[in-house]
Amino acid sequence: MSSVSKIMESMEYGPSVEDSGAVRDWLAGRGSFGHFIGGKFIKPGQTFVTSDPSTGEALAQVTQGTADDVAAAVRAARKAQTGWAKLSGGERARYLYAIARHVQKRERFLSVLETLDNGKPIRESRDIDIPLVARHFYHHAGWAELRDSEFPGHAPLGVCGQIIPWNFPLLMLAWKIAPALAAGNTVVLKPAEYTPLTALAFAGICQEVGLPAGVFNIVTGDGATGAALVGADVDKIAFTGSTEVGRAIAATLAGTGRRLTLELGGKSPFIVMADADLDAAVEGVVDSIWFNQGQVCCAGSRILVAEAVAERFEALLNARMARLRLGAPLDKSTDIGAIVDPVQKDRITAICRAATDAGAELIGGQPADGCFIAPGYLRNVTPANPGMEQEIFGPIATLSTFRTADEAVELANNTRYGLAGSVWSESAAVATDIAARVKAGVLWINCANLFDAAAPFGGYRESGFGREGGRAGMLDYLAEPAVKSVKEPKAQAPMAATGGEAGKAGGIDRTAKLYVGGAQKRPDGGASYAVPGGLAPLGNRKDIRNAVEAAAKAGAWAGMGGHARAQVLYYIAENLAARTGDFADLTGKAEAEAAVARAFHYAAWADKFDGRNLQARPGHLLNVIPEPWGVMGIACPNTQPLAGFMSLVMPAIAMGNRVVVIPAQDDPLAVADLYQVFDTSDLPGGVVNIVTGARDELAPVLAAHDEVAAMWYVGPSAGLERVERAAGGNLKPVWSPVNRDWTGGQAQGERFLRHATQWKTIWLPYGALPAGSGSAAY
Amino acid sequence: MSPTPKNPGTRNPGTDLRPDWFADIRINTPAVERRAATLPVRRSLKKDWQAAWLLNAVRCIDLTTLAGDDTEDRVARLCAKAMQPVAPDLLAAMGVEGLTTGAVCVYPTMVAAAKRALGNSGVPVASVATGFPAGLMPLDLRLAEIRFALDQGADEIDIVITRAHVLRGDWAALYDEIRAMREACGPARMKAILATGDLKSLENVARASHVAMQAGSDWIKTSTGKEGVNATLPVSLVMCRAIRDYQAQTGHRVGFKPAGGLRTAKDAISWQVLMREELGRDWLAPDLFRIGASSLLGDIERQISHHVTGRYAAAHRQAIA
């Protein structure tokens, strides 16, 4: 029987291997790579090998970057930055456009190189990674063009150090450098140790298009090189990678004033409601945890299925899993390629073992010869099972069930992460509600792992902060217009001892208290300290704990909606205005008037700080909405006690946050008089909680509290450093607006709202009619 | 003359009408689109494998002429091509023997001519019937047309459904109509054309697929070739999933026939990948898979010619249907 006849019997697919000749010739010609610094490849130093994980074959030698290499690259970037920033937006746009074009012209080469170095299937690098890379540069060519008109008064940050992971090597490069360059920054990039080759090929593209020397630099190496970059003289670090490393970077940068964005791990929920298209959801799993061997930070790794359809869903899932082809990454019929490195393979199998030891059952998911692991999932997993808690970063999901939508959301949010989520339901009412309630930066309704350069991507909680893509992503590479700073008076030591100035007498003795959960509370320590006008309660860490607890319980505030919150803020303004004279006696007229103005201003904003509907793709309702952080900590400047307090608290609560505030340490009594204003203005208890005392002792406690999602701190750099270190525990972002005249125009505006919110991107593909039948979606 | 199907296989006896099997069906169209878009790019066939899969597609083609200007001579030419769809020298070079198309498909009045032309080749004749293509004729006349086609010697009958029954959600009427047609077909195997381009929504397609299978269709077929949109991969994906679910319920295997929309060798590969990935190897044989096509064969033959000779082929050097 002829070969063709035999195949006609078996109807197997046979091999279909993408040609890697051109890439191998290029690698053989280069052999060994030095760093790319100042527009040139420099001579290789001490090198390490990068290999094809599917075969173990060595592909090239790459230089281990030293601290000196990093410093040289930063110098080159610094030298180039002024000239690059001076170019017009249109001129920078032309370079980014040329890069996009050249990526497209080299798409086959880059796809093959990516697959060789990383082990991902050629289908994915060819159809997903590389097209998204080009798309990212096109999109940001547009932002370069529009920077000055769309971000008036903003300036580039300077030199950005960027550290990227190995799971989407070239795509993560694009996500990092396109916005940086568009904004006018220059870059030193450290690609992942396992996958440096496409970055080095990309450097060649930068040479081809004549990108000015030093605008983009690469230093290759391992974690030590990355640490050197974090410690170098850069203005911003952007990091994508593990939460552990992200935490260490945050600690290193604490108090340096350097900007930081982090895109970290995830354990994203994948919620299948009873009314979902189950076949679609199963395919969603394929696109989630069985995409890129599950080495995807936003993968829907926790599958949560409605009990009513769990049996059928699992049957469909198993049937689909059985048809996935594990094999050579360059074979065009491969679904699951190689794990990036044996170290990772061992890590994945170790977590699976720990999960099964703890009682889970592993379906599929067996390690195969070489650096391969078959797709699989864990069932019978309890919430505390290691397989449920840890990011496996391999092709292994967890599968568990829920009974009601409420329970689905509760399980979905039962994680320290918050990168993404996926919801499957044919009910628009149900799906959009769940998307709103899952705490994550990206929500996919009836889809999974869709990406676009215009759609901001980034996490909540310990998945990091900052966004990549779109307008929000640009803002993370721009400095806001400068503010005239005012020196803050040094705080006095709060003395719990008796003595000092007596209260302003004349009437009955007044006792200022803390304000917690809408009630006035005595301080836990039972101590007060002397301040102008009398005694202020001396709060301690337990008071902070109680205040945060009260704030956490007041979540209904966020759900009231902008209009209802505006009503409360207007009422606060009204009641404050009625007592302007009283407050003016305490703080002076300017502060009293500023306090009224802030309440009025943010009442106006409460229903107007809107998200956007993106036009990136036809057939996709793509909404980017600002969500409140939840519980915020605010440490007020030790000056202008009333104006400072209102300038920070009003924008925060206008957006739906609940706040725990440490008012001006030396002069907090004006704030204590606000309690009655809040009480009479229908502000729900727990929305604003106030703990007076030693700011720089209380603020780190607040910053370290895991329930607090974001921290604002106005104060000296030593205090900021302690706050930033403490905030690293749950990776909350810290915003430190400079001390200013809090009665002036620079003490209010949209900027405060941006820092009071985080962006959630919600994808909802629509389309009633199938292709070709006239639906608007296709 | 009694019909003698070439690949009798096992018939689908159907079931009682069971709306509960499809009442809760949920189909997310964009998700179906995404899956359909990745199906052809997740699998690739090269060299001998590509040739084998293309020849297999030929084996599954219902080589079709359904035009107002059909004549007996035209049908005879079609039949000649069905019996020898690929030039013998090309087949010999690949070591493949006895390749024919799955069937020829014609109007009832052309069945006799087709039977004559096909002689004892074993290639079955499929006849459209029941008021093809719109089906808007009285039921008794539509059933009579089936009987006429059978009388002329048809081995298989491709029926059309009343789209209004689907659009109005009248599943009982749809079931009864198809059941009656199935009975009229007797031993001849029956393909039910759903005319998916008229049904529009994928949920309608899925429900109509279930009713057609419950009423005893041996194949479900996408299109007449006369609708505005004919076979598409998304529609085919939905129908294949219905076939899968029906088999899970009953154990009966129902075939699938995309029609009118497959024109290129690449299409032939894409649809076979769909069958293999969604239903399995068994659905790559003519008893469970047919492709309704006329021009497709020419493109496949050109690809085969290139595979054998290494030269790109010109249509005028191939025998036309």
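## The annotated domain of chain A

The UniProt record, an unreviewed entry, places the feature "domain: Aldehyde dehydrogenase" at residues 46-478 and 537-734 of chain A. The structure described here is a predicted model. In the span 46-478 of chain A, 45% is helix and 18% is strand, and the end C-alpha atoms lie 36 Å apart. For residues 537-734 of chain A the corresponding separation is 26 Å, with 53% helix and 16% strand.

## The sheet of chain A

Chain A contains an open sheet of 10 strands with mixed pairing, arranged in the order S14-S17-S18-S13-S12-S19-S20-S34-S28-S27. Strand S14 (361-364) and strand S27 (612-614) of chain A form the edges; each has a single partner strand, so one side of each lacks a neighbour in the sheet. On average, and with direction ignored, neighbouring strands of this sheet are turned by 20 degrees against each other.

Both senses of pairing can be followed through S17(A). Strands of a sheet pair through backbone hydrogen bonds, in either the parallel or the antiparallel sense. S14(A) and S17(A) run antiparallel and are joined by 4 bridges. Glu361(A) stands opposite Arg379(A) in S17(A). Strand S17 (residues 376-379) of chain A also pairs with strand S18 (residues 396-402) of chain A, here in the parallel sense and over 3 bridges. In this pairing, Gly376(A) has Ile396(A) of S18(A) as its bridge partner, and Leu378(A) has Thr398(A) of S18(A).

## Helices on the sheet of chain A

## Two helix pairs of chain A

Helix H22 (residues 589-605) and helix H23 (residues 641-654) of chain A have axes that come within 9 Å and cross at roughly 10 degrees. H22(A) and H23(A) are therefore roughly parallel to each other. The residues of H22(A) in the contact include Ala592(A), Ala595(A), Ala599(A), Tyr602(A) and Trp605(A), while those of H23(A) include Leu642(A), Met646(A), Met650(A) and Ala654(A). By class, the contact of H22(A) with H23(A) has 12 nonpolar, 1 polar and 2 charged residues.

Helix H5 (residues 107-118) and helix H6 (residues 122-150) of chain A also have axes that come within 9 Å, and they cross at roughly 125 degrees. H5(A) and H6(A) are therefore oblique to each other. The crossing of H5(A) with H6(A) is right-handed. Glu107(A), Leu110(A), Ser111(A), Val112(A), Glu114(A) and Thr115(A) of H5(A) meet Ile122(A), Ser125(A), Arg126(A), Asp129(A) and Ile130(A) of H6(A). The contact of H5(A) with H6(A) divides into 4 nonpolar, 3 polar and 4 charged residues.

## The sheet of chain B

Chain B has an open sheet of 8 strands, ordered S7-S6-S5-S4-S3-S2-S1-S8, in which the pairing is parallel. Strand S7 (255-257) and strand S8 (291-293) of chain B are the edge strands, each pairing on one side only. Neighbouring strands of this sheet are turned against each other by 25 degrees on average, direction ignored.

Within the sheet, strand S3 (residues 125-129) and strand S4 (residues 156-160) of chain B run parallel and are joined by 4 bridges. Ser127(B) has Ile157(B) of S4(B) as its bridge partner. Helix H5 (residues 111-118) of chain B lies across strand S2 (103-106) and S3 of chain B, and runs at about 175 degrees to S3(B).

## The contact between the chains

The contact takes 37 residues from chain A and 37 residues from chain B. On the side of chain B that touches chain A, the elements giving two or more residues are helix H1 (29-42), helix H2 (47-60), helix H11 (233-250) and helix H12 (265-278) of chain B. H1(B) supplies the largest share of this side, 8 residues. The residues of the side of chain B that touches chain A comprise 17 nonpolar, 8 polar and 12 charged.

Terms used: Residues are numbered from 1 along each chain as its sequence is written. Chains are lettered from A and ligands numbered from 1 in the order in which they are written. This is a predicted model: local features need pLDDT of at least 70, side-chain atom pairs count only at pLDDT 80 or more; totals for chains, interfaces and linings use all residues. Two residues are in contact if their C-beta atoms, placed from the backbone, lie within 7 Å. Ala, Val, Leu, Ile, Met, Phe, Trp, Tyr, Cys and Pro count as nonpolar, Asp, Glu, Lys and Arg as charged, and the others, Gly among them, as polar. Two strands pair if DSSP finds at least two bridges between them. Axes are lines fitted to C-alpha atoms, for helices over the stretch in contact, and angles run from 0 to 180 degrees between N-to-C directions. Angles under 35 degrees count as roughly parallel, over 145 as roughly antiparallel, 65 to 115 as roughly perpendicular and the rest as oblique. A crossing is left-handed if the near helix is turned anticlockwise from the far one by less than a right angle, and right-handed if clockwise. UniProt positions are given in the numbering used here, feature names are shortened, and annotations may be inferred rather than shown by experiment.
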